[in-house]
Amino acid sequence: MPLHPRLAQWFSERGWSPRAHQLGVLAADEDRASALVIAPTGAGKTLAGFLPTLNALADAPPAGLHTLYISPLKALAVDVARNLEAPISEAGLPIRVEGRTGDTPASRRARQRLDPPHILLTTPEQLALLLSHSNAPEFFGSIKRVVLDELHSLVTSKRGELLSLGVARIARLAPEMRITALSATVAHPHVLRDWIAAPLPGVEARLIALKGGAAPDIAILDSVERVPWSGHSAQYAVPELYAIIKRHRTVLLFVNTRSQAEMLFQSLWDANEDGLPIGLHHGSLAVEQRRRVEAAMAEGRLRAVVCTSTLDLGIDWGDVDLVVQIGAPKGSSRMLQRIGRANHRLDEPSRALFVPSNRFEVLECEAALLAVKAGEQDSEDPVSGGFDVLAQHILGMACADAFEPEALYAEIRGAWPYRDLSRLDFDRVVDFVSTGGYALRAYERYAKLRKMPDGRFRIAHPAIAQQYRLNIGTIVEEPMVRVRLVRGRGFKSGRTTGPIGRGGRVLGEMEEYFFTTLTPGDTFLFGSEVVAFEGMVENEAMVSRAVAKDPKIPSYMGGRFPLSTFLAEGVRRLVATPESWPLLPDQVADWLRLQRDVSLLPQPDSLLVETFPRGAQNYLVCYPFEGRLAHQTLGMLLTRRLERARARPLGFVASDYSFAIWGLADMGGLIRTGRLSLDELFDEDMLGDDLEAWLDESALMRRTFRNCAIIAGLIERRHPGKEKTGRQITVSSDVIYDVLYQHEPDHVLIEATRRDAARGLLDIERLGDMLKRIKRHIVHKPLDRISPLAVPILLDIGKEPVFGEARDSALTAAADELIREAMNR
Amino acid sequence: MSEGALTTLEADAADRISFGGASFVPLVSGGLFWPDENALLVADLHLVKLASYAKRGQLLPPYDTAMTLRRLDADLERTGARELIALGDNFHRDDGPLDLLEADRERLARMAERVKFTWVTGNHDENPVGFAHHGVQVMRRGLTLTHHPVRGGLTIAGHLHPAAHIAINGASTRRRCFVHDGTVMVLPAYGSSTGAMNILGPAFRGVFDRARLDVRMIGRDRVYPVSPKRLITGWDG
């Protein structure tokens, strides 16, 4: 189809011509094909997505929704609306574009349902909401095109599962609809193409890939300072970083966790002799504060922003001329995305700098540099669908209209993540939605779904639809509490009683979980201030300004991506190949040489296990390079096995690269004398009964269950302001989990929880792959003292969470102490 | 009491609680055995709690009642108690007895045939529908057995769901507990659906003479006496 004259003129007036991939989307649309556009940032992907719509609607468009655009970020929907205004108004096209997010006023949202625009820009959650209304067939029936932006980032999460189900429903309401998906470069584009092809069988899905523009210009900071053995703060590099900020227009400094962001911001501020405008951006800061930083950034008023993954996606800031990654890059695709934030122009190279914060990270940065230069991708593949999201969707579909199970099942199988869903599991989830799915049929009279004489299911009561709409979505926030600054009570002088002051300003929000680990008087960094915890007052955490040399650092949940399998291989290769060491800074190469001389170098296809005594304890250190999560799981399971082997383990600590277990028995001796077999210790069968036994007690399962239960609608979300009305449920999700797990361990929600835990916090698949790889290739190296490679992980003890049987042992200790006290009286 | 049960309990003699001139055995389940009365004291069973949310559209697993009753059965068996004294909030709601699942109703009935039920009422179940009860308090050997802990006289009560949070050697842990000060004793909540509150928190203000606290924390396999100086307010204090 030729470009409409007015659009063609619009292009030529600007001295532009449509790019190949933009025309490719136009051609696909003309051939009634779906399209997956894969292109780096700055390539004009958004315009490519909308060009067929603008072209088709350039003359007298019919009323009704024509194109639905879905993006992962509210801000992106708003931004795209603004970007579309330009061609539409400048080319004089009679097209109405509107956004719809959670922030859109209710009146406008109601109006949109009756009188939709031609192009609606929205989010996966709003799509689910729209689909749950009874007028969905009319609203969506006219749709010709669905544009899915940043699809690569959506499909790896539960939001992607929800989106896939929504798109499958649109495909049924509007069979003429075609999908255009926009994505950054990914490792397996064909999987993403299958994802968009699934809901429209028989329709071609065309892959339109644009090779990346100029290769990025990346360096690793060559510091004159000593790179530390361990830690994540990169304090050593602060003066150099400050000098770099001074030399650039605008620098984005990415760190991996919010606590690192806090620390780095603090140190840069201390070094900021020139009073440069430097901002801080992370997920715990108050929304207004984040918006202020974004606005200042957009206006070019900031010289640097210290940020976390909150700025990975999103709005284009033209002026960023350097991206700095501080700490481990974790993955090649992630780095390519972040680096793309510098210089959003295709023909100029983006510039980036890696700043390792410890020696292992030097190796990881080097591996990442090689991978990024080669354009290697290690992005995650789309995830398959969970029962929790399915339950939410099924209830939503029942809210829209009574459903015929056979037809709904067929429709759901059209969503790629649910392509293999069995009819049996579908029926189990329907039963869960209806009556809770308990073997004990206790709730038939309270069933949410009623079976009608014609076999269809409808909701039992309109109130169920209201309840559904309040609980929509798959993003479950950790329970958060507001952090409020009050006048201190002076812990230094030992007075910890007396009333907590009231009032004062809100610093931000933090996970409630964090405060369960604190005792009043504990200090931590928050919003770049050192504060002391005073106590909880009505769901707010009261803190006071404090002076402390050693504040506890907020151990925020999340934000810690594990090292990608791909980069792990790169690191293993670097370590095992002395010929490549000249690439490394001298101090790091020397460290590896020393390791080779006094112990062994870990090899790619085996596992090095070192044992050595230190103080009163014995250590076992190994180097799988499989990421923190897999190592934690392995550590938990090995500790149990070592206990059975009477090695008397006391605890363990894990990093992305290695982990260490310490205990009272001489583990090296036990191994040497054959009383402890490493092959048996590391046998894959640990993923059977031992894993089950551990999961029985694991807090991880409880945390994961809470998410599943909220998404599936078993537990209502907490809605701000409603906590005290008593309308909200007050039973803790832990109690519900314990009751359900003990009585019905094969319940559909326990199954969903287990799946999520296995692929998320436990990383079972990766651990399984590693155990297979090293089977019968375990090399034991007994040492009389700590090895160079073991130093970082031992330094982590005390900084990283240490796992072990601290719970009942604390009770025993307290009881023993009481007994001693009584006997000495 | 059977021979076996007796030896088990005698072995724990050192961990008995002396209160109001009597001797009690705290159990890991959260129950308190009173050998002199041959009675088992429990507080805050909150029976039929999770199922009570179904009317509002929250279909929570209805198994908490069975779990609680099973533990009760085991405790009665193990101690050989002839009487069950339940100190209020035995049902989560007044209409709990109506919503009992059939199997749970039968188990409760069988229990009532074996032992005497002394059913004190609480704030959640001031008037349990169709369930014989003994009002807000009963007296035994000079002790008041009731739901709300009030000062004045010797009282054993529930209501507050006590938990202790201790810190020692850098580790901290929070568990349900028995706690008394020589005048008032508060039992931990027994029900499988219940949470707990820190005994140093505001809910316990004015209940105890804090200088004379005796605290027994419930561990995985036994009950631990702990030094009150190890108590911390923790995050919910």
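This is a predicted model: local features need pLDDT of at least 70, side-chain atom pairs count only at pLDDT 80 or more; totals for chains, interfaces and linings use all residues.
Residues are numbered from 1 along each chain as its sequence is written, while chains are lettered from A and ligands numbered from 1 in the order in which they are written.

View 1. Phi of Arg648(A) is near 50 degrees, a positive value in a residue other than glycine. Arg648(A) is partly exposed, with 15 other C-beta atoms within 10 Å; by the criterion used, a residue is buried if 20 or more other C-beta atoms lie within 10 Å of its own, exposed if 12 or fewer, and partly exposed in between, with C-beta atoms placed from the backbone. The open sheet has five strands in the order 23-24-22-21-25 with mixed pairing, and its edge strands, each pairing on one side only, are strand 23 (649-654) and strand 25 (778-782). The twist averages 20 degrees from one strand to the next. Two strands pair if DSSP finds at least two bridges between them, and helices (H or I, at least four residues) and strands (E, at least two) are DSSP runs numbered from the N terminus. Strand 23 and strand 24 (residues 659-663) of chain A run antiparallel and are joined by five bridges, with Pro649(A) standing opposite Gly663(A) in strand 24. Helix 23 (residues 628-644) lies across strand 23 and strand 24 of chain A, at about 170 degrees to strand 23; axes are lines fitted to C-alpha atoms, for helices over the stretch in contact, and angles run from 0 to 180 degrees between N-to-C directions.

**View 2. The six-stranded sheet of chain B.** This open sheet has the order 1-2-3-4-5-6 and mixed pairing, and its edges are strand 1 (17-19) and strand 6 (116-120), each of which pairs on one side only. Strand 5 (residues 83-87) and strand 6 of chain B run parallel and share five bridges, and Ile85(B) stands opposite Thr118(B) in strand 6. Helix 2 (residues 64-79) of chain B lies across strand 3 (32-34), strand 4 (39-42) and strand 5, running at about 150 degrees to strand 4.

View 3. Not counting residues up to four places away in sequence, Leu253(A) touches residues including Leu264(A), Cys307(A) and Ile326(A), where contact requires C-beta atoms, placed from the backbone, within 7 Å.

View 4. Just after helix 2, Arg32(A) takes a positive phi of about 55 degrees. Ala60(A), found in the loop between helix 3 and strand 2 (67-70) of chain A, has a positive phi near 30 degrees and is exposed, with 6 other C-beta atoms within 10 Å.

Key: Two residues are in contact if their C-beta atoms, placed from the backbone, lie within 7 Å.
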